[in-house]
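Take a short walk through this chain. Keep the sequence and the 3D view side by side.

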Amino acid sequence: VGLEYITNLVETGDQLILDGREGIIIINPSPQTINEYRKKQKKFQIYSKKLVKTAQQPAVTRDGTHIEVLANIEFLDEIKHLQKFGAEGVGLFRTEGLFMEGNGLPSEDEQAEIYTRLADSLKGKPVIIRTLDIGGDKILPDITGTMEQNPFLGWRAIRFCLDHKEIFIPQLKAILRANIHGNVHILVPMISTLRELHEFKKVLQVAKNHLQKEGKKFNPDIKIGIMVEVPSVAIMADVFAQQVDFFSIGTNDLLQYTLAVDRGNRRIAHLYSHFNPALLHLIRLILEAGKKARIPVSMCGEMAGDLVAVPLLLGMGLRQLSAATLVIPEVKNVIRNVSLKDCQKLYQEVKQKNTTLEIQKICEDFYRQIFKEEVPLPIHNDKN
């Protein structure tokens with residue numbers, strides 16, 4: 001939780017208050033403080049229940065624009081929460097969990113069963129399945145081998161998969177078999193060059209040829225998208241937009257590659273903020289390229305679930321967000337309480353600023369104007 005010296009300050013038997021909204025821990029609080037936090041807790045519980053009750057309503061801005069809000073999930077048992085929390089589909093199904101459960105690599109049939117169950121449960125709604133994004137901080141010890149000096153810049157995701165077609169082709173076959181209802185889309189991570197995208201398309205065709213020869217039922221008509229999480233793709237988004245059916249912006253990696261900031265390094269964590277103007281500039285390039293090519297652009301990175309950032313993203317032109325399931329009711333609530341016109345004004349103001357702190361403050365002030373004291377601001381780094 002980022003509290004490096006907490007074990008030097010706390011002893012067994014101490015009473016703690018963990019305030020996840022403010023990002024603080026209070027050790028042995030006074031009765032008065034405990035009472036204050038009981039009130040805060042009750043207020044937040046009431047607020048959360050209210051949001052869940054309205055979660056299934058569509059996310060429509062005050063001036064009538066519908067924003068699609070999807071869910072990021074990794075396991076099938078999360079499906080049961082999608083309707084409760086108002087997800088309009090799955091914007092990101094991470095497949096790494098299937099490969100890292102410790103029971104060996106999943107077979108084509110095992111994967112096909114899981115992907116098909118997911119697609120069946122969401123008939124009529126999009127299911128975007130990301131191909132294996134192994135490497136970086138997600139290691140398969142028996143396959144990925146020795147640790148690299150710079151794993152996030154190394155042999156990961158599509159780079160790994162193109163070198164391990166014996167793993168990649170069965171996964172692609174399984175995804176194709178699951179697309180019976182036509183609602184399954186393929187999302188390819190870590191694309192950095194056109195050559196990688198072209199190589200992927202060749203491998204996908206090989207997977208289709210195998211299925212045809214084997215006489216297995218599948219739907220060859222499947223939409224292909226790429227994660228835009230490497231600056232080279234963001235800069236050339238207009239070129240890549242001609243080659244794919246949709247974009248999904250991965251702000252977590254795009255931010256760390258743009259700023260050269262390891263998001264797992266505490267010493268430089270203060271530099272890691274998605275309110276950075278350089279990141280916003282890249283997001284704008286991606287959105288403009290998608291609009292020009294008439295392809296959908298979604299965002300599945302953590303920024304999409306940041307309540308303070310959501311109005312800014314709408315003002316920039318984003319119309320599809322994919323976030324953690326639990327935060328979806330809050331995201332939809334923010335959308336219902338803003339007008340697109342005001343969000344566009346917010347972006348015009350932000351465009352004039354050149355520092356992260358200025359942009360963050362403007363967005364936080366906008367958020368406060370909407371919600372007053374109804375709910376505290378989400379945590380943000382204040383050292384940028």
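Two strands count as paired if DSSP finds at least two bridges between them. Keep that in mind for what follows. The model is a predicted one.

Start at strand E3, residues 68-73. This strand is mostly covered, with five of its six residues buried. E3 pairs with strand E10, residues 320-324. The two are parallel, and five bridges link them. One place to look is Glu68, whose bridge partner in E10 is Gln320.

E3 also pairs with strand E4, residues 90-94. Here three bridges join the strands, again in parallel. Asn72 has Leu92 of E4 as its bridge partner. Between E3 and E4 the chain passes through helix H3, residues 79-84. This β-α-β crossover is right-handed.

Now move to Lys123. It sits in the loop between helix H5 (108-121) and strand E5 (127-130). Is Lys123 buried or exposed? Lys123 counts as exposed because its relative accessibility is 56%, and the cut-off for exposed is over 50%. What does Lys123 touch, leaving aside neighbours within four places in sequence? Its contacts are His181 and Asn183. Gly182 is 59 residues from Lys123 in sequence, yet the C-alpha to C-alpha distance is 8.8 Å.

Finish at helix H1, residues 6-9, where Leu9 is placed. Leu9 has 57% relative accessibility, so this residue counts as exposed. Together with Leu16 and Ile27, Leu9 forms a nonpolar patch on the surface. The three share about 250 Å² of accessible area.

Key. Residues are numbered from 1 along each chain as its sequence is written. This is a predicted model: local features need pLDDT of at least 70, side-chain atom pairs count only at pLDDT 80 or more; totals for chains, interfaces and linings use all residues. Side-chain values use heavy atoms; hydrogens and water are left out. Patches are made of residues with over 30% relative accessible area and no salt bridge: like charges are joined within 9 Å, nonpolar side chains (Val, Leu, Ile, Met, Phe, Trp, Tyr) within 5 Å. Accessible areas come from the Shrake-Rupley method with a 1.4 Å probe; for residues, only the protein chains shown count as cover. A salt bridge is a side-chain nitrogen of Lys or Arg within 4 Å of a carboxyl oxygen of Asp or Glu. Helices (H or I, at least four residues) and strands (E, at least two) are DSSP runs, numbered from the N terminus. Buried means under 20% relative accessible area, exposed over 50%, partly exposed in between (1.4 Å probe, protein chains only). A crossover is right-handed if, with the strands pointing away from the viewer, the path from the first strand over the helix to the second runs clockwise. Contact means heavy atoms within 4.5 Å.
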